[in-house]
Amino acid sequence: RLQYRNKQLMLAANGIHYQLSKPLQKRDEPYNQFAFGGDKLTGMSAEFAYTWRNVHAFGEYAMNPGGGKAYVAGLLTSVDPRLDLSLQVRNIDRNYHSLYANAFTESTTPINERGMFLGASLRPLRTIRIDAYADLYGFPWLKFRVDRPSKGKDYVIQFTWKPNKQVEVYTRYRSE
């Protein structure tokens, strides 16, 4: 990892290489056509984070020598002392591979996914907070137990009332 950082900006270039003692082998199924197999995997990425006043932007672009690419980018901002907004987009190819990645995705592994996340947190009163988000995503290739490209959406809204430090009451609605 090579990194540059100052008060507002972070830039980094990352590289990783795995050499496994035994090759990984996936079952010969249509959804595994682009799955990683073998005993060597190399990955490279470039990332950034930039903060200016009340806006924070971030992102990472990654690739494997075999052609798989992935990116994630987003913004966090406080448009008012009572309102925070967030946006995140992601696009991960069906042939992108990372063995130990921990990505903000619908799937447990970052592969074969496109999506956009929108979030908001509103504090109209000192004791009340309303949080909401929408996550819209799609899978351009097959998945386990899904025999065609698919898509989905998650919505959440939560109302929280906290009259003091000892009491917090909330109600949440979720649709997936």
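Modeller: Contact here means heavy atoms within 4.5 Å. The model is predicted, so local features need pLDDT of at least 70 and side-chain atom pairs pLDDT 80 or more, while totals for chains, interfaces and linings use all residues. Residues are numbered from 1 along each chain as its sequence is written, and side-chain values use heavy atoms, with hydrogens and water left out.

Colleague: Among contacts between residues at least 6 apart in sequence, what share joins residues at least 24 apart?

Modeller: The share is taken over contacts in the protein between residues at least 6 apart. Of these, the part joining residues at least 24 apart is 39%.

Colleague: Which strands stand at the edges of the sheet?

Modeller: Strands are DSSP runs of E of at least two residues, numbered from the N terminus, and two of them pair if DSSP finds at least two bridges between them. The open sheet of 10 strands runs in order from β1 to β10 with antiparallel pairing. Each edge strand has a single partner, so one side of it is left without a neighbour in the sheet; these are β1 (2-5) and β10 (169-175).

Colleague: Which residue in β7 does S86 stand opposite?

Modeller: Strand β6 (residues 83-92) pairs with β7 (residues 113-125) in the antiparallel sense over 10 bridges. In β7, the residue opposite S86 is G119.

Terms used
Helices (H or I, at least four residues) and strands (E, at least two) are DSSP runs, numbered from the N terminus.
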